[in-house]
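Open the model in your viewer and keep the selection tool ready.

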Amino acid sequence: MELIAKGKNIPTYPIGSLFIQGESYADTIHIVIDRFYNGWDLSECSFVIKGETESGKIATSVLLFETLDDKLRLAWEVTGLFTRYPGKLMLEITASLIKNGMFLCVVKYDMPPVNIKPALTGTNEVIPDTSEQTIAQINQAAAEGLAEIQAEIDAFDIDSVNRRLDAMEEACMTFLARPEVIAVTQSEYDSSEHKADSLYIIIEEE
């Protein structure tokens, strides 16, 4: 935001309702003034902006600037000191310097008051309607989560898994029930003890 001074008058209507109570460094206002005034080179000066509330509270801030040939461009970073209280805020900029060991106030700039809009406040942290809405949203989220879990359960085919397990068990039982097959020669068969439930195959002796 930039304001252009007309002599010693700085119009503030562009920022008349810009500020809100409690803001700090939200806005930087640039103010362009003439470098020379009544023979003074204001680039040798220091600049201070002062704000005063309707109740007499004062806030001040030093303004940095850049020199642009015959103009100076001041930068006002609006701190929380200026927006602490709502209502009308009167503003004034002073250019001053030290000359021959003396502090001189060279020029003051008139600025129409601006308005600090009050911040929203309330006595209740959460109003009833908002509380009920929050509870409803939580209940809805929980219901949706449970529905998704139930859908996963329903999609899981437990009967198919049981059939596969039964088939595997039956195959294992069949395998275990098969007789042991033992290949032996006739002499080995005649000289050994025979196992029950075993099938002996007589092979030729080498």
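Start with Asp 34: it is partly exposed, with a relative accessible area of 32%. Here buried means under 20% relative accessible area, exposed over 50%, and partly exposed in between (1.4 Å probe, protein chains only). This is a predicted model, in which local features need pLDDT of at least 70 and side-chain atom pairs count only at pLDDT 80 or more, while totals for chains, interfaces and linings use all residues. Residues are numbered from 1 along each chain as its sequence is written, and side-chain values use heavy atoms, with hydrogens and water left out.

**Stop 1: the charged pairs**

Lys 71 and Asp 34 form a salt bridge, with their closest N and O atoms 2.5 Å apart. Lys 71 lies in strand β7 and Asp 34 in strand β2, so this pair ties together parts 37 residues apart in sequence. Strands (E, at least two residues) are DSSP runs, numbered from the N terminus. A salt bridge needs a side-chain nitrogen of Lys or Arg within 4 Å of a carboxyl oxygen of Asp or Glu. By this rule the count is 5 salt bridges.

Now select Arg 73. Its side chain meets that of Glu 2 in a salt bridge at 2.9 Å, N to O. This pair also links distant parts of the chain: Arg 73 is in strand β7, Glu 2 in strand β1 (residues 2-4), 71 residues apart. Arg 73 also meets Glu 66, at 3.2 Å, N to O. Shared partners join Glu 2, Glu 66 and Arg 73 into one network. Arg 73 is partly exposed at 22% relative accessibility.

**Stop 2: the nonpolar core**

Which residues have the most contacts inside the largest nonpolar core? Select Ile 31, Ile 33, Leu 42, Phe 47, Trp 76 and Ile 93; the core has 30 residues. Such a core is a set of buried Ala, Val, Leu, Ile, Met, Phe, Trp, Tyr and Cys residues joined through side-chain atoms within 4.5 Å. Strand β9 gives the most to this core, with 6 residues.

Centre on Trp 76. Beyond four places away in sequence, Trp 76 touches residues including Ile 15, Phe 19, Ile 49, Phe 82 and Leu 91. Contact means heavy atoms within 4.5 Å.

**Stop 3: two single residues**

Pick Ser 61, in strand β6. Is Ser 61 buried or exposed? It counts as buried, at 17% relative accessibility. Leaving aside neighbours within four places in sequence, Ser 61 contacts Phe 47, Val 48, Ile 49 and Phe 82.

Finish at Ile 202, in strand β11 (residues 198-203). Ile 202 is partly exposed, with a relative accessible area of 41%. Select Ala 183 too: the C-alpha atoms of Ile 202 and Ala 183 are separated by 6.1 Å, though the residues are 19 apart along the chain.

Technical notes. Helices (H or I, at least four residues) and strands (E, at least two) are DSSP runs, numbered from the N terminus.
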